[in-house]
Amino acid sequence: SANSTLDLSAAQVSGVSLEGVAKADLLIASGVEGPLAFTGRVADVDADIRAELVSRDGSVGINDIAARVLDMDVVGDASLQPGGALTGELDGDVTSLQAMGRVLGMSLDGSGAFKVTSIPDDTGNRLTAQATLRRISADGVQVQGVCLTGPVSPTGRILAEADVRRASFGP
């Protein structure tokens with residue numbers, strides 16, 4: 001069994017500030033398994049992330065993900081198999097997009113929900129994203145509501161469909 005704690009008093013990852021305590025209580029036997037946790041602040045917003053790690057025979061699973069980060073609540077599971085097959089599902093509720101806007105370096109507001117699913121197939125991993133956002137405001141653009149859905153191709157290209165309700169541009 002390995003129990004470790006990492007105290008981040010002030011860290012930057014790709015320009016995003018992190019501070020808090022990361023903990024792992026892992027059992028190392030025929031694989032590695034146990035709880036992972038982070039409590040602190042991400043981009044100056046309270047964060048709490050918890051999950052279960054299971055790694056055996058070349059596959060890695062992150063199960064029972066429960067996170068509150070950047071004003072989003074996210075739950076789900078994900079697993080990576082040898083050869084790169086990625087299976088997973090994440091569901092999220094967004095209280096406010098303001099913290100995400102600060103990370104992106106822009107004025108952003110609104111709320112909503114999202115779902116991201118990954119299923120391996122013959123051409124790689126099929127990643128599908130769905131989002132429903134409300135009362136969006138971004139640098140002079142206001143949108144009452146938008147629904148986005150679409151697959152993300154293995155090359156990273158997003159083939160999205162959008163249903164936009166009542167948009168206005170300017171101050």
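Predicted model: local features only at pLDDT ≥ 70, side-chain atom pairs only at ≥ 80, totals over all residues.
Two strands are said to pair if DSSP finds at least two bridges between them. In strand β6, valine 75 is the bridge partner of alanine 66.

The chain contains 11 strands and one helix. Read from the N terminus, the order of elements is β-β-β-β-β-β-β-α-β-β-β-β. Of the 171 residues in the chain, 27% are buried. The chain exposes about 10300 Å², and carbon and sulfur atoms supply 57% of that area. Contacts can also be sorted by how far apart their residues lie in sequence. Among the contacts between residues at least 6 apart, 27% join residues at least 24 apart.

The β5 and β6 strands form a hairpin with two residues between them, and leucine 70 in the turn has a positive phi of about 50°. Next, β6 is joined to β7 by nine bridges, and these strands run antiparallel. Here aspartate 77 stands opposite glutamate 89 in β7. A hairpin is formed by β6 and β7 as well, with five residues between them; in its turn, glycine 83 has a positive phi of about 95°.

The series continues with strand β7 (residues 86-94) and strand β8 (residues 108-121), which run antiparallel and are joined by seven bridges. Within this pairing, phenylalanine 114 in β8 is the bridge partner of glycine 92. From β8, 13 bridges lead on to strand β9 (residues 124-138), again in an antiparallel arrangement. One of the facing pairs is leucine 108 and alanine 138, the latter in β9.

The structure holds seven salt bridges. What does lysine 115 join up with across the strands? One partner is glutamate 89, with the closest N and O atoms 3.2 Å apart. Because glutamate 89 lies in strand β7 and lysine 115 in strand β8, this pair ties together parts that are 26 residues apart in sequence. Another partner of lysine 115 is aspartate 91, with a distance of 3.4 Å between the closest N and O atoms. Aspartate 91 also lies in strand β7, so its pair with lysine 115 ties together parts that are 24 residues apart in sequence. Glutamate 89 is partly exposed at 35% relative accessibility, aspartate 91 is partly exposed at 30%, and lysine 115 is partly exposed at 27%.

A further group of charges involves arginine 68. Salt bridges that share partners join Arg68, Asp71 and Asp73 into one network. Within it, aspartate 71 forms a salt bridge with arginine 68, and the closest N and O atoms are 4.0 Å apart. Arginine 68 counts as partly exposed, with a relative accessibility of 27%.

Serine 59 counts as buried because its relative accessibility of 18% is under the 20% cut-off. Isoleucine 62 has a relative accessible area of 34% and is therefore partly exposed. Beyond its neighbours within four places in sequence, serine 59 is in contact with Val54, Leu80, Gln81 and Pro82. Isoleucine 62, for its part, belongs to a nonpolar surface patch with Val60, Leu80 and Leu86, and together the patch residues have about 270 Å² of accessible area.

Valine 16 sits in strand β2 (residues 16-28), and its relative accessibility is 17%, so it counts as buried. Which residues does valine 16 touch, not counting those up to four places away in sequence? They are Ala11, Val42, Ala43 and Val103. The fold also brings in aspartate 44: although valine 16 and aspartate 44 are 28 residues apart along the chain, their C-alpha atoms are separated by 9.0 Å.

Methods:
Residues numbered from 1 in each chain as written. Heavy atoms only, no water. Helix = DSSP H or I, 4+ residues; strand = E, 2+ residues; numbered from the N terminus. Buried < 20%, exposed > 50% of the residue type's maximum accessible area, 1.4 Å probe, protein only. Contact = heavy atoms within 4.5 Å. Areas by Shrake-Rupley, 256 points an atom, 1.4 Å probe, with all protein chains shown as cover. Patch = residues over 30% accessible without salt bridge, like charges linked within 9 Å, V, L, I, M, F, W, Y side chains within 5 Å. Salt bridge = Lys/Arg side-chain N within 4 Å of Asp/Glu carboxyl O.
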